[in-house]
Amino acid sequence: MKKTMSILLAALALPAWAQDARRGQALYELHCLTCHYESIHKRDPARSSVKSLAQLRAEIEQRAALTKQRLTAQDLDDIAEYLNRSHYRLAK
């Protein structure tokens, strides 16, 4: 557990000049997995309301607000980048 937290904290400390999927994964695991598992992102794409990268980011921002998460714009971009690379594969 202590090692996992150290890795997460180290990932969060990385510079955030652009969308960073590794940092996004660490943020996702820290903030998002408390409410749901990643399997929610593996549903049939035809049934997903997320059809663009902008919609994905907006959905993340909306969920963060609902759960009172204090995420920066860079945090939201990084989480969206992680989810897009790992699950959605939406065009940029």
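1. Just after helix α4, Arg89 has a positive phi of about 55°. Helices here are DSSP runs of H or I with at least four residues, strands are runs of E with at least two, and both are numbered from the N terminus.

2. This is a predicted model, in which local features need pLDDT of at least 70 and side-chain atom pairs pLDDT 80 or more, while totals for chains, interfaces and linings use all residues. Residues are numbered from 1 along each chain as its sequence is written, and side-chain values use heavy atoms, with hydrogens and water left out.

3. The protein has four helices and zero strands. Read from the N terminus, the order of elements is α-α-α-α.

4. Of the 92 residues, 34% count as buried. Buried means under 20% relative accessible area, exposed means over 50%, and partly exposed lies in between, with a 1.4 Å probe and protein chains only. The accessible surface comes to about 6,400 Å², and 57% of that surface belongs to carbon and sulfur atoms. These areas come from the Shrake-Rupley method with a 1.4 Å probe; for residues, only the protein chains shown count as cover.

5. Contact means heavy atoms within 4.5 Å. Among contacts between residues at least 6 apart in sequence, 60% join residues at least 24 apart.

6. Two packed helices are described by the angle between their axes and the distance between the axes. The axes of α2 (residues 21-32) and α4 (residues 73-88) come within 7 Å and cross at roughly 100°. Axes are lines fitted to C-alpha atoms, for helices over the stretch in contact, and angles run from 0 to 180 degrees between N-to-C directions. The helices α2 and α4 are therefore roughly perpendicular to each other, a term for angles of 65 to 115 degrees.

7. On the α2 side, the residues making this contact include Gly24, Leu27 and Tyr28; on the α4 side, they include Asp78, Ile79 and Tyr82.

8. Buried residues of α4 include Leu76, Ile79, Leu83 and Tyr88. The buried residues of α4 pack against α2 and α3 (53-66).

9. Cys32 is buried, at 17% relative accessibility, whereas Cys35 is exposed, with a relative accessible area of 59%.

How values were computed
Parallel < 35°, antiparallel > 145°, perpendicular 65-115°, else oblique.
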